[in-house]
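Subject: Model for your files

Dear colleague,

Here is the structure I said I would pass on. My notes on what was found in it follow below.

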Amino acid sequence: MGGAANTSLRQLDRLSDRIRLHKQVDSRQVAIVEGASDERILARAFGKEEIVYFQAGTRSLALDAAKQLVGWGKDYFVCIVDRDFDDEVDRENGENPHLHPYENADLEAMLAVSTVGVDLIAELGSEGKIAARGGIPEIIAKLYEMVQPVATLRRANIENGWGLAFDKVDLVAKIDKKNMLLKVQSYCAALSDVSEGSPGQAVLIEYANGTRTVSAPSSCPRGSTPFFRGRDFLAILCAALCGYCGSKRPQAVDPESLAESLRLAGADYLRTSRWGKDLLSIIRLSE
């Protein structure tokens with residue numbers, strides 16, 4: 001009796017089982033997402049009248065649930081996850097037509113390279129400083145240039161299995177705000193110091209500077225470029241808004257606050273974009 005009860009509890013705890021049980025009483029299509037912030041922006045974009053959202057908690061759990069549902073022959077769902085810098089989503093995507101990863105590395109990166117990112121800079125920046133820097137396109141080009149060494153290190157980390165602890169390094173603190181340059185040596189030194197599997201500062205610098213290259217750079221098959229982690233870009237934008245193209249205090253434009261602003265402003269973009277239309281097509285809600 002106890003063994004059967006434990007099995008039942010495990011099934012109820014498994015996302016794919018919860019979804020299958022829920023569909024018995026709810027005719028809405030299903031969107032599997034990683035977390036609460038994903039659900040909020042997608043609900044603002046696509047509503048809840050025809051879609052019910054299930055938070056998996058992590059990308060791997062979301063992918064596991066999607067794989068199980070496809071194995072059962074279910075076609076009433078879409079699974080929306082970050083692509084990130086590894087190849088897991090590409091591997092799964094070939095076998096599961098219900099996967100619909102965000103464009104670029106993640107949601108924030110997808111929004112940052114869209115008109116939403118342009119609007120964010122225009123709204124939070126200083127009109128005079130933006131004009132002095134040659135306009136928003138010139139500023140964005142500068143930010144893209146600065147984020148690429150970090151993106152390259154993220155891909156090199158995946159290819160080499162170093163286990164670098166990126167989240168333990170304050171990227172904003174590694175930016176020369178006066179000249180708006182990434183302090184590559186300082187950043188790589190800090191990253192190496194907090195990562196047990198680091199190959200050493202010198203190797204990291206070589207990848208960041210381009211003297212060593214990754215074998216297969218990360219990319220988005222839908223053409224969203226350049227490819228980067230959203231919060232890396234927002235950390236650099238934070239520094240830019242505190243002098244280079246704005247007059248904000250750091251605490252007013254920290255990366256998390258900027259991410260929240262992107263998500264608040266991004267629902268309309270998601271709804272009207274080609275990506276949004278493809279999402280609805282997957283769950284057969286398009287005309």
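Strand β2 is largely enclosed by the rest of the structure, because four of its five residues are buried. Buried here means under 20% relative accessible area, exposed means over 50%, and partly exposed is in between, with a 1.4 Å probe and protein chains only. Helices (H or I, at least four residues) and strands (E, at least two) are DSSP runs, numbered from the N terminus.

This is a predicted model, in which local features need pLDDT of at least 70 and side-chain atom pairs count only at pLDDT 80 or more, while totals for chains, interfaces and linings use all residues. Residues are numbered from 1 along each chain as its sequence is written, and side-chain values use heavy atoms, with hydrogens and water left out.

The sheet

Three strands form an open sheet in the order β2-β1-β3, with parallel pairing; two strands pair if DSSP finds at least two bridges between them. β2 and β3 (77-79) are the edge strands with a single partner each, so one side of each has no neighbour in the sheet. From one strand to the next, the twist averages 20 degrees.

The parallel strands β1 and β2 are joined by five bridges. On the β2 side, Phe54 is the bridge partner of Ile32, and Gln55 is that of Val33.

Two helices lie against these strands. α3 packs on the sheet and touches β1 and β2, with its direction at about 170 degrees to that of β2. Helix α2 (residues 15-22) lies across β1 and β2 and runs at about 155 degrees to β2. For these angles, axes are lines fitted to C-alpha atoms, for helices over the stretch in contact, and the values run from 0 to 180 degrees between N-to-C directions. Contact means heavy atoms within 4.5 Å.

Helix α3 and Gln29

In α3 (residues 36-46), the buried residues are Asp38, Glu39, Ile41, Leu42, Ala43, Ala45 and Phe46. Their packing partners are β1, β2 (51-55), α6 (107-112), α13 (255-272) and α14 (274-282).

Gln29 belongs to strand β1 (residues 29-33). Its relative accessibility is 11%, so Gln29 counts as buried. A polar atom of the Gln29 side chain lies 2.8 Å from the backbone oxygen of Ile283. Leaving aside residues up to four places away in sequence, Gln29 touches Lys23, Glu50, Ile51, Val52, Tyr76, Ile283, Arg284 and Leu285.

The largest pocket

How much space lies in the largest pocket? The figure is about 370 Å³. The search used a 1 Å grid over the protein atoms alone; a pocket is an open set of points where a 1.4 Å probe fits, with protein on both sides within 12 Å along at least five of seven lines, and lining residues have an atom within 4 Å of a point. Grid points are joined across faces, edges and corners, and the volume is the space filled by probe spheres set on the points.

The largest pocket is lined by 19 residues, of which Asp82, Asp84, Ala105, Asp106 and Arg229 are the closest to its centre. At least two lining residues come from each of α3, α6 and α9 (136-160), and α9 gives the most, with three.

Backbone points to check

Most residues other than glycine have a negative phi, and most peptide bonds are trans. Asp84, in the loop between β3 and α5 (88-93), has a positive phi near 65 degrees. With 36% relative accessibility, Asp84 counts as partly exposed. Met180 has a positive phi of about 50 degrees, although it is not a glycine. Met180 is in the loop between β4 and β5 (181-182), and its 0% relative accessibility makes it count as buried.

The peptide bond from Thr225 to Pro226 is cis, with omega near -15 degrees. Pro226 is in the loop between α11 (201-209) and α12 (230-244).

Val169

Val169 is in the loop between α9 and β4 (175-176) and counts as buried, at 11% relative accessibility. Beyond residues up to four places away in sequence, Val169 touches Lys174, Tyr187, Ala190, Leu191 and Val194.

Regards

Notes: A polar contact is a pair of N or O atoms within 3.5 Å; within protein, one must be able to donate a hydrogen and the other to accept it, and residues adjacent in sequence count only if both atoms are side-chain atoms.
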